[in-house]
Amino acid sequence: MIARIDYTLTEGDLIEAFLHESQQWYRLKSLAIVILAATAFSILGRVAATRAPLFPTGIHYGLYALLAVLCLYDLIGLALEPRRYRKKIQAGGYERFFLPQSITLSPDCFFTEYEMVRAECSYSTITRIDASKNLLLLKIGPSSAVAIPVRSFEGRQQLEEFVETIKEKSSCTIHQTNYNRMLGKKDVIQW
C-alpha cells in the first residue's frame, strides 16, 4: 500500500486543473447550443414543409446568424480561458497551492497536508477519480478536488496502485477515458 505522496503544484498545474473543470462546463454549454439549434431547425423545417410561414420571410437567416454568433463567442471564450486563469492566479489568493503538499493514505481515511495544516478526510468523500494530461484529480464533493501531478509518482505502477487503493476504499467512480489517456493507453470499447 502506498503510504505517502509528496508533491508541489506549479502555476501550469493549477491552470490545467481549472481548465479541466471549465472544459466540462463548455461541453455542457455546447450541448445546449446543439439542442437549441436542432429545435430551431426542426421548427424551420416544419414551417418550410407546410409552406404556411409562422414567421416573416428571412427570420430563419437571423436564427442561423444568432447560432453562429453563439458558437463563435463560445470558441473565443474557450481560447482565452488559460489567460484568464493565469491573471486570476497572479492577482493573489492561490499561494498556498504552490507550497509543498502531501497526501497520505491510511486504512480508514486519507490526509492532505501543506505547511502546518493537516486535513483528515474519509474515503467516502471522494466522489470521482478524474485525470487531465498531467494531473490526477480526486473530486471531493461537488466543487473541490485534490490535484496531484503525475510526475510525483515514482512510476506508472505506483500511480495505478494509488488509484486502485482509492477505488477499493471508496465507492467513487473513475473517468476511465481521461485516466487511460493520461496513462497513454488507447481507449478500448467493451461490448
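## Salt bridges

A salt bridge is a side-chain nitrogen of Lys or Arg within 4 Å of a carboxyl oxygen of Asp or Glu. By this criterion, a search of the whole structure, which is a predicted model, finds 6 salt bridges. One of them joins the side chains of R4 and E113, with an N to O distance of 3.5 Å. R4 belongs to strand β1 and E113 to strand β3 (residues 109-114), so this pair ties together parts that are 109 residues apart in sequence. Helices (H or I, at least four residues) and strands (E, at least two) are DSSP runs, numbered from the N terminus. R4, D6 and E113 are linked in a network of salt bridges. R4 has 46% relative accessibility and therefore counts as partly exposed; buried means under 20% relative accessible area, exposed over 50%, and partly exposed in between (1.4 Å probe, protein chains only).

R156 forms a salt bridge with E160, and their closest N and O atoms are 3.2 Å apart. These two residues, R156 and E160, are 4 residues apart in α3, about one turn of the helix. R156 is partly exposed at 41% relative accessibility, and E160 is partly exposed with a relative accessible area of 26%. The side chains of E164 and K167 also meet in a salt bridge (3.8 Å, N to O). E164 and K167 lie 3 residues apart in helix α3, again about one turn of the helix. E164 counts as partly exposed at 40% relative accessibility, as does K167 at 31%.

## Basis and confidence of the model

Residues are numbered from 1 along each chain as its sequence is written, and side-chain values use heavy atoms, with hydrogens and water left out. Because this is a predicted model, local features need pLDDT of at least 70 and side-chain atom pairs count only at pLDDT 80 or more, whereas totals for chains, interfaces and linings use all residues.

The predictor's confidence in each residue is given by pLDDT, from 0 to 100. The mean pLDDT of the chain is 78, and 80% of its residues reach 70 or more. Where pLDDT is low, the predicted coordinates should not be read in detail.

Strands count as paired if DSSP finds at least two bridges between them. An open sheet of 4 strands has the order β1-β2-β3-β4, with antiparallel pairing. Its edge strands are β1 and β4 (117-122), each of which pairs on one side only. From one strand to the next, the twist averages 15°.

Within this sheet, β1 and β2 run antiparallel and are joined by 4 bridges. Y7 has Q101 in β2 as its bridge partner. Helix α3 lies across β1 and β2 and runs at about 60° to β2. For this angle, axes are lines fitted to C-alpha atoms, for helices over the stretch in contact (heavy atoms within 4.5 Å), and angles run from 0 to 180 degrees between N-to-C directions.

## Strand β6 and its neighbours

R128 stands opposite K139 in β6. Between β6 and β7 there are 6 bridges, with L138 opposite V146 in β7. In the hairpin of β6 and β7, which has 3 residues between the strands, G141 takes a positive phi near 70°.

In β6, 6 of the 6 residues are buried, so this strand is largely enclosed by the rest of the structure. Both of its faces are covered: L135, L137 and K139 are buried on one side, and L136, L138 and I140 on the other.

## Nonpolar cores

A nonpolar core is a set of buried Ala, Val, Leu, Ile, Met, Phe, Trp, Tyr and Cys residues joined through side-chain atoms within 4.5 Å. The largest such core has 30 residues, and I103, I148 and F162 have the most contacts inside it. The elements that give two or more residues to this core include β1 (4-7), β2 (101-105), β5 (126-131), β7 (144-149), α3 (156-169) and α4 (176-183). β6 gives the most, with 5 residues. A second, separate core of 6 residues includes L14, L19, Y85 and Y94.
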